[in-house]
Amino acid sequence: MTVDTAPNTGAVPTAPPRWRARRPLAILVVRWVVLLACVVLAFLPTWVRLAQEASDGAITAYIFVLPLLAVVAAQGVARRRADELPIHDRQTDNIVGGIGLLVSIAIKALWLPRYADQYELAHLDVLAALTFFFGGAILMFGLRPVGRFWSVWLLLLALSPLGYRLVAIGLGGGRFAYAAVMVLLAGIAGAIAVGRTRRRGWLGFVCTVSSGLAVAAVMLAVWPQIDITWLQLVPTVGAAAVTGSGFYLTARRGRFDERRPRRLAVPTAKWSPSSIVVSIVAAAVLALVPLPDRTPVAAPTGPPGAASVPLVPPVGFSEIDMEQFDWVRAFFGSRATLTRQTMRADEGNSAWDLRSRPRTVVVDVLSTTNRASLAVYPESTLYRLTNTRTSQPLTIDLGRGVTGALYTSVSDALLLTWTKLVFHWQRGDVFQRVTVISVDNHDLDAAFPQPMPSMASNLGTAIGTLLRGNAISIDDDPEYKDRELLTTFGTGLVRQQWAPANGAPL
């Protein structure tokens with residue numbers, strides 16, 4: 001028999017806190033399930049809308065690849081992370097996380113409606129979802145652990161839908177350019193994952209990018225008309241898988257012993273039921289905020305004949321000039337064209353001009369095989385419209401099942417008002433957007449808006465709208481001075497394309 005000679009201090013052993021007594025895996029699973037469920041349900045309409053756009057031919061399918069790349073990068077950061085000290089201020093976590101959720105609600109409920117016309121171009125609801133995910137992660141896991149993955153958050157934030165389009169268009173805007181941007185993103189994710197040292201990071205980036213670009217080039221050479229979704233998915237995932245496997249096999253070369261299992265650390269942030277409640281409430285609020293209505297581009301069957309043939313002027317008008325713009329291929333596809341036809345009335349009309357001067361209009365015809373691009377890039381994105389106020393459209397029946405939208409654009413810089421009549425139709429596999437423009441200056445040298453890449457200038461208008469509201473871009477008291485002119489011209493233009501002399505049946 002032995003005697004315990006240890007001093008008796010009278011202290012009663014305390015049991016570990018309940019949140020530490022649970023198994024680490026169970027704690028992580030519960031928190032991740034709650035967080036991911038909130039993100040999915042709060043933005044379910046967004047994910048459905050993105051899938052619909054992707055099925056129509058838009059490039060938004062890449063959004064569903066980003067979580068995979070984020071996991072690749074995050075697991076590399078997690079494996080390099082040292083054990084955390086349990087130094088946390090849950091009150092600070094709740095404040096910062098709550099602010100993130102409030103910002104997410106503000107983006108979707110207040111900011112997004114201001115840019116309803118550019119919804120499919122900018123997709124601010126994706127930014128709201130990322131902000132919600134960031135704030136919810138802080139509530140679930142704490143500010144310090146989330147901050148350790150700063151490089152992954154920057155990776156997700158850097159490639160918003162608008163940013164993705166800007167970079168791809170800067171690289172030429174072709175199908176290979178959109179695939180290349182995703183491969184570059186995969187290269188960054190690979191560099192974060194394997195970058196224990198700067199040399200390994202650069203090596204991972206180069207290997208991922210080179211292999212991904214090679215796969216994309218081969219796919220385009222073998223299947224030139226392959227769906228853009230596969231070009232975004234296969235080279236990206238394939239490059240990440242090849243690079244990751246290569247680095248793993250290199251690290252394990254000559255080592256055949258059984259690997260020692262890694263211990264799963266207990267989350268250092270204390271269990272906070274209030275954080276879960278706040279996340280669920282915020283998700284419910286976001287789920288009730290509607291998205292802008294998706295108005296499909298109405299494209300009735302167009303006139304017979306080839307889409308490449310210029311439009312025939314209506315009776316009483318003659319074509320005086322024609323111009324082609326090749327830059328639209330970067331926005332609307334490699335087969336897209338934009339033709340401007342300038343037409344002038346053969347005789348003056350006192351109803352259109354007090355001095356009976358012959359009126360001049362321009363007809364911009366955009367042709368593309370990618371119908372989804374017409375919704376992504378509205379008619380206004382074809383022109384630089386800085387300091388321009390636009391009216392609400394009027395619906396004009398042009399005959400033959402074609403319906404046009406007529407509205408005015410007031411340029412405060414040039415002190416001019418343009419009136420536009422826009423309509424669509426489909427000719428074979430080609431979709432055409434026809435824009436007829438008149439100007440309230442009836443002189444022969446009147447200035448018409450010139451088609452040109454305008455995303456940069458329109459971003460300035462978007463920033464102004466954010467700071468000052470929609471008042472700077474909306475004309476609340478329009479004067480449709482050329483409504484009769486454009487209605488007569490548009491009706492005659494549509495009728496003339498079906499004339500027997502232009503190939504229409506008798």
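Because the model is predicted, local features need pLDDT of at least 70 and side-chain atom pairs count only at pLDDT 80 or more, while totals for chains, interfaces and linings use all residues. Residues are numbered from 1 along each chain as its sequence is written, and side-chain values use heavy atoms, with hydrogens and water left out.

The chain contains 18 helices and eight strands. Helices (H or I, at least four residues) and strands (E, at least two) are DSSP runs, numbered from the N terminus. Of the 506 residues, 47% count as buried. Here buried means under 20% relative accessible area, exposed means over 50%, and partly exposed lies in between (1.4 Å probe, protein chains only). Among contacts in the chain with a separation of 6 or more, 72% come from residues 24 or more positions apart; contact means heavy atoms within 4.5 Å.

Two packed helices are described by the angle between their axes and the distance between the axes. Helix α5 (residues 90-111) and helix α14 (residues 273-288) have axes that come within 10 Å and cross at roughly 5°. Axes are lines fitted to C-alpha atoms, for helices over the stretch in contact, and angles run from 0 to 180 degrees between N-to-C directions. The two helices α5 and α14 are therefore roughly parallel to each other. Angles under 35 degrees count as roughly parallel, over 145 as roughly antiparallel, 65 to 115 as roughly perpendicular and the rest as oblique. On the α5 side, the residues that meet α14 are R90, N94, L101, S104, I105 and K108; their partners in α14 are S274, S275, V278, S279, A282, V285 and L286. The residues of this contact of α5 with α14 divide into six nonpolar, five polar and two charged. In this division Ala, Val, Leu, Ile, Met, Phe, Trp, Tyr, Cys and Pro count as nonpolar, Asp, Glu, Lys and Arg as charged, and the others, Gly among them, as polar. Helix α5 also holds T92, which is partly exposed, with a relative accessible area of 32%. The C-alpha atoms of T92 and L139 are 9.5 Å apart in space, although 47 residues separate the two in sequence.

Two further helices each hold a buried residue. L50, in helix α3 (residues 44-55), has 0% relative accessibility and counts as buried. Leaving aside neighbours within four places in sequence, L50 is in contact with T60, I63, F64, H123 and V126. From L50 to V126 the C-alpha distance is 9.6 Å, and the two are 76 residues apart in sequence. In helix α13 (residues 228-251) lies T236, also buried, with a relative accessible area of 0%. Not counting residues up to four places away in sequence, T236 touches V65, L69, M182, V183 and A186. T236 and L185 are 51 residues apart in sequence, and their C-alpha atoms are 8.2 Å apart in space.

Most residues other than glycine have a negative phi, and most peptide bonds are trans. H123, one of the contacts of L50, has a positive phi near 50°. H123 is found in the loop between α6 (119-122) and α7 (124-141) and is buried, with a relative accessible area of 1%. S356 is not a glycine either, and its phi is positive at about 55°. The loop that holds S356 runs between β2 (337-345) and β3 (360-368). S356 is partly exposed, with a relative accessible area of 34%.

In strand β7 (residues 416-427) lies Q426, which is partly exposed, with a relative accessible area of 24%. Beyond residues up to four places away in sequence, Q426 touches A299, P300, T301, G302 and F431.

The structure holds two cavities of 30 Å³ or more. On a 1 Å grid over the protein atoms alone, a cavity is a set of points where a 1.4 Å probe fits but cannot get out, and lining residues have an atom within 4 Å of a point. Grid points are joined across faces, edges and corners, and a volume is the space filled by probe spheres set on the points. The second largest cavity has a volume of about 30 Å³ and is lined by T417, T419, D440, E479, K481 and D482. This lining has no nonpolar, two polar and four charged residues.

Conventions. On a 1 Å grid over the protein atoms alone, a cavity is a set of points where a 1.4 Å probe fits but cannot get out, and a pocket is an open set with protein on both sides within 12 Å along at least five of seven lines; lining residues have an atom within 4 Å of a point.
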